[in-house]
Amino acid sequence: MLDKEGIAKRIAKEIKDGYYVNLGIGIPTLVANYIPEGIDVVLQSENGLLGMGPFPFEGEEDADTINAGKQTITMLPGSAIFDSAMSFGMIRAKKVNLTILGAMEVSENGDIANWKIPGKMVKGMGGAMDLVASAENIIVAMQHVNKAGESKLLPKCSLPLTGVNCVKKIVTELGVFDVLPDGGFKLIERAPGVSVEEIKNATAGKLIIEGEIPEMVI
Amino acid sequence: MNKVVSSADKAIRDIEDGMTLMLGGFGLCGLPENCIAALVKKGVKGLTCISNNAGVDDFGIGLMLKKRQVKKMISSYVGENAEFERQLLSGELEVELIPQGTLATRCMAAGYGMPAIFTPAGIGTEVAEGKETRNFNGKDYLMEMAFNADFAIVKAWKGDTMGNLVYRSTARNFNPVMAMAGKITIAEVEELVEPGDLDPDHIHTPGIYVHRIFQGKNYEKRIEQRTVRKHI
């Protein structure tokens with residue numbers, strides 16, 4: 001089974017040389033720490049930055065330089081700053097190659113819910129709805145089950161949707177899944193030490209298993 | 001073309017109860033701190049505020065919420081403010097949550113003189129309820145209207161007396177698009193300079209969009225999430 005860092009490490013393997021990547025808040029943020037050596041990527045932060053670097057050294061924080069999670073960050077050489085309209089312009093125009101975000105629920109047809117729990121949490125969607133509506137390559141990083149032990153990979157989302165038919169791949173602590181265009185979570189890899197049986201038990205939506213499922217290498 | 005006013009109080013002098021305001025900033029970054037303080041002092045009420053976030057309990061728009069000056073917030077993300085949540089749950093405050101890109105682009109549309117824009121954001125979700133949709137090249141888009149704000153209040157790094165503005169780092173965020181979108185736009189700047197001091201090639205917001213400008217003072221520039229790494 002993977003921990004959060006493990007999920008981030010596995011997702012980092014999906015990043016290809018030359019990609020512009022948008023990382024959501026939570027586990028996706030950790031992906032930045034595991035980008036493979038020799039791969040040249042530029043991180044987009046939707047508050048208006050391309051070229052996001054690591055956190056600043058203590059004492060070098062700049063209140064004017066933050067990421068979309070409102071954390072103090074640095075800018076790498078070659079960074080560019082722009083306004084919020086242009087930021088979502090480049091997202092809408094599909095210039096960002098890969099979007100990685102968290103979710104509360106994903107359905108077997110690729111719908112995602114991650115912004116609202118009626119009566120409990122109303123924080124808002126931020127940029128998530130814009131990202132999922134336009135990005136062609138969306139990977140969800142999340143826990144396989146919620147705190148109540150219920151599967152988050154569902155036939156149909158129960159929470160208000162963020163977007164429809166958009167998630168392409170999911171990485172959880174149990175495995176890697178492709179969301180098929182015709183519907184269904186296709187098991188691609190098992191997390192270390194996790195059996196197909198365990199994955200079946202934790203998945204409420206349609207699970208597709210073809211042949212031997214390899215254990216992931218990270 | 002001198003647009004300088006002497007203080008934040010003068011800049012907001014004719015903002016009245018019930019008006020619609022745009023306030024620049026993302027989180028606590030790039031906030032018009034001086035104008036917010038002046039609005040709190042003036043005590044105008046029943047405001048509709050268009051701003052990406054609602055501040056925190058004791059900073060930013062949170063200060064206006066605390067004094068019950070805000071009737072309605074139009075934002076994309078509001079999760080950092082306990083007083084906000086209390087007013088929302090008790091029904092004292094009306095909130096319209098819209099996607100961040102839609103928020104920015106509805107500002108942009110106003111500044112570009114366009115009545116509406118089409119965006120895929122929100123298709124198939126509750127954001128789309130009651131809105132017109134159009135299909136272009138096989139994909140559905142929502143029609144979203146340009147904002148109509150009485151005042152836009154923005155914060156820039158430098159500005160000249162003609163209202164030309166330059167922003168710094170990610171404190172730019174919503175400020176340029178909101179600056180373009182107000183019937184009256186107020187800019188507060190960290191440093192007010194003379195015409196000619198700013199390189200025309202480096203202006204982010206041309207002064208034609210700005211009606212009043214002043215040099216703010218005592219910027220706190222609070223950090224919402226101080227994240228650092230250790231020296232090795």
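How much area is buried between chain B and chain A, and what percentage of that area do carbon and sulfur atoms give?

1. About 4200 Å² is buried between the two chains, with 58% from carbon and sulfur atoms. Buried area here is the accessible area (1.4 Å probe) that two parts lose on being put together, summed over both. B:T170, B:T227 and B:R229 supply 16% of what chain B buries against chain A, more than any other three residues.

2. This is a predicted model, in which local features need pLDDT of at least 70 and side-chain atom pairs count only at pLDDT 80 or more, while totals for chains, interfaces and linings use all residues. Residues are numbered from 1 along each chain as its sequence is written, chains are lettered from A and ligands numbered from 1 in the order in which they are written, and side-chain values use heavy atoms, leaving out hydrogens and water.

3. Chain B brings 49 residues to the contact and chain A brings 50 residues (contact: heavy atoms within 4.5 Å).

4. Between chain B and chain A there are 5 salt bridges (a side-chain nitrogen of Lys or Arg within 4 Å of a carboxyl oxygen of Asp or Glu). B:R168 and A:D64 are joined by a salt bridge through their side chains, at 2.7 Å from N to O.

5. On the side of chain B that touches chain A, α4 (82–90), α5 (100–111) and α6 (175–179) of chain B each supply at least two residues (helices are DSSP runs of H or I, at least four residues, numbered from the N terminus). The most comes from α5(B), with 6 residues.
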